[in-house]
Amino acid sequence: GVQIVLGRADLTRLLEFVIVKYTEDSVMTVDIRLDTLWRDAVINICQQLPIEALFALAQCCKRLNGICSSSELWEHFSSNRWGSRRTRPDQIEGWRGYFLRRFLFEEVWLPVPAPPGPTPIRSVHFNTKNLGDHTSTVHSLDCRGLWVVSGSGDKTVRIWDRTGKLQSLRFDSHGDAVKCVKFDRYAPVTEIAIPVPLLTASTDKTVKYWKHSSETGKFADIMNLRGHTEKVSGIDFRSSTLAVSAGWDKTVICWDLSVGKSVRKIPNAGITSFITGHNHTVVTSTRDKFVRVWDVRVKETTPSITLKGHTAPVTCHHADNFWIVSGGEDSKLRWWDTRRPEPVATTDMKASIGSLVFDDSILIAGDLQGSVGFYNMALPGKHVVTMKEHKGSVEAMCMNRMNLFTGGTDKSVKSWEFRRIPPSVALQSFSK
C-alpha cells in the first residue's frame, strides 16, 4: 500500500473522520497505515480528543488501540482533570485503571452539584423503596437481570422483581436459616428472562442447586449437595458447572454441578464467614481474622496467599482482578493488593461490618448499626457519604448498574435507585 505522511492538522481531521465513520457504521473495517507516523505525534493528537472519542478510536485498529492504552496518555488525562500527578499507592492498575475508576466515580456517583454555598460539595442522591419483607433476618442477597434473590433466617428463599411490580416467588426446602444465596452469574440473562439457576446454603448443613421450571413456573431443588458436617455459611459459582462452599466445619468443598458430587475438599481452612470463587481461585473470610486465597488446582491444602491485618473475625469481602476489600468485626475496611502482605488502605466504619460490595468506581459497606457507607475505589479509603435506611444491622447487599439492594435484621429488602447512564456506553464497556 501507499504510505502517506500527514501533518498534524490533516491527521487530526483524518482521525475525527475515522471516529465519525466508526460510530455511524459499527461493522465498517478500518485499515489505516500509521507506520510512518511518530508515536509521540499520535499521542499528542489523542490528548486533544474527548474521552468518548478516544475509546472509539481505540477500536479502529490494533496500533491505535495500543497507543490509546499507553501509560503516558492516561497520566496526561489524569493530570489535566485533577490538577496533580498523585498516583495510586501501589500503581496496581497503572494510570489507565486509576483514571477509569476515578472518572466513573465522578460521572456516575456524583452527578448533581450541590446548591451554591460557603462550602460547595457534590452529593449522592437516592430513591429508596422497600421491595418486601421476610419474617426474620435477611442474611444474603444476590441480583441478576430483572431479579433479586434473598435468603433469610425464616428458612425461606424469595425472588423479587427489582421494580417491585411483579409478585415475588417464595420457596423453601431448607430445614434451618438460609445463610447464602447466589445466582449463576455465568448463565446468559436478559431483562425479561426467567431467573437463572441459583445456589443456596443453610445452617442445616446442606447446599441446594435450584433451577426454574418453565412448566410449573416455579423453582425446584434439583440437587441436594451434602458433604459439610456443620452449618454452611458461604457458597459461590466458579462457573456454570462448578461451585464452592464453606462453613463452620473448617472445610472448603468444590462441587461439580453436572453430576452433583464433590470433587475436592480442603480441610483446616478455618471457620468461614464468606466465600467467593472464580475459575480456579477461591477467597475465604474466616473467623480466625484472616482472608485466604486458594488455588484449587494444586494438591496442597495450604492457601496460596494469607492476608493478615484484621484484629477480629472477618465477616465479608469482595474481590476483582486488582483488589480484595474485606470487612470485619473490628469495624475496619481493608483494601488489599494480593502482591503485598500489608493492606493498601484501612478505613474505620465505627461499627462491625456485615456486608460489602464494589464495582469499577465505588465501594459500599453496611454495618451493624444500620449505616451504609460509600467509598471511592479510585482513592482507597476515601469516604464519600454515609446513609441510614435500615432500623437494624445491614447483613446483606448486592448491586447492579442501576440499583443497590440491602437487607438486614429489620427483615426488609430495600432497593436503592441511584444511578444514571454514564457519559458513554463505550467508556463503561471499555473499563471492564
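Tyr209 is buried, at a relative accessible area of 4%. Buried means under 20% relative accessible area, with a 1.4 Å probe and protein chains only. This is a predicted model, where local features need pLDDT of at least 70, side-chain atom pairs count only at pLDDT 80 or more, and totals for chains, interfaces and linings use all residues. Residues are numbered from 1 along each chain as its sequence is written, and side-chain values use heavy atoms, without hydrogens and water.

The structure holds six aromatic pairs. Rings of Phe, Tyr and Trp (its six-membered ring) pair if their centres lie within 6.5 Å; planes under 30 degrees apart are stacked, over 60 edge-to-face, the rest tilted. Two of the pairs are set out here.

| Pair | Centre distance | Plane angle | Type |
|---|---|---|---|
| Phe171 and Phe219 | 5.3 Å | 15° | stacked |
| Tyr209 and Phe237 | 6.3 Å | 65° | edge-to-face |

Phe171 lies in strand β7 (residues 169-171) and Phe219 in strand β11 (residues 219-226), so their pair ties together parts 48 residues apart in sequence. Strands are DSSP runs (E, at least two residues), numbered from the N terminus. Phe171 is buried at 9% relative accessibility. Phe219 is buried too, at 10%. Ring pairs also link Phe171 and Phe219 with Trp210 into a cluster.

Tyr209 belongs to strand β10 (residues 206-212) and Phe237 to strand β12 (residues 232-237), so this pair ties together parts 28 residues apart in sequence. Phe237 is buried, with a relative accessible area of 0%.

Notes: Helices (H or I, at least four residues) and strands (E, at least two) are DSSP runs, numbered from the N terminus. Buried means under 20% relative accessible area, exposed over 50%, partly exposed in between (1.4 Å probe, protein chains only).
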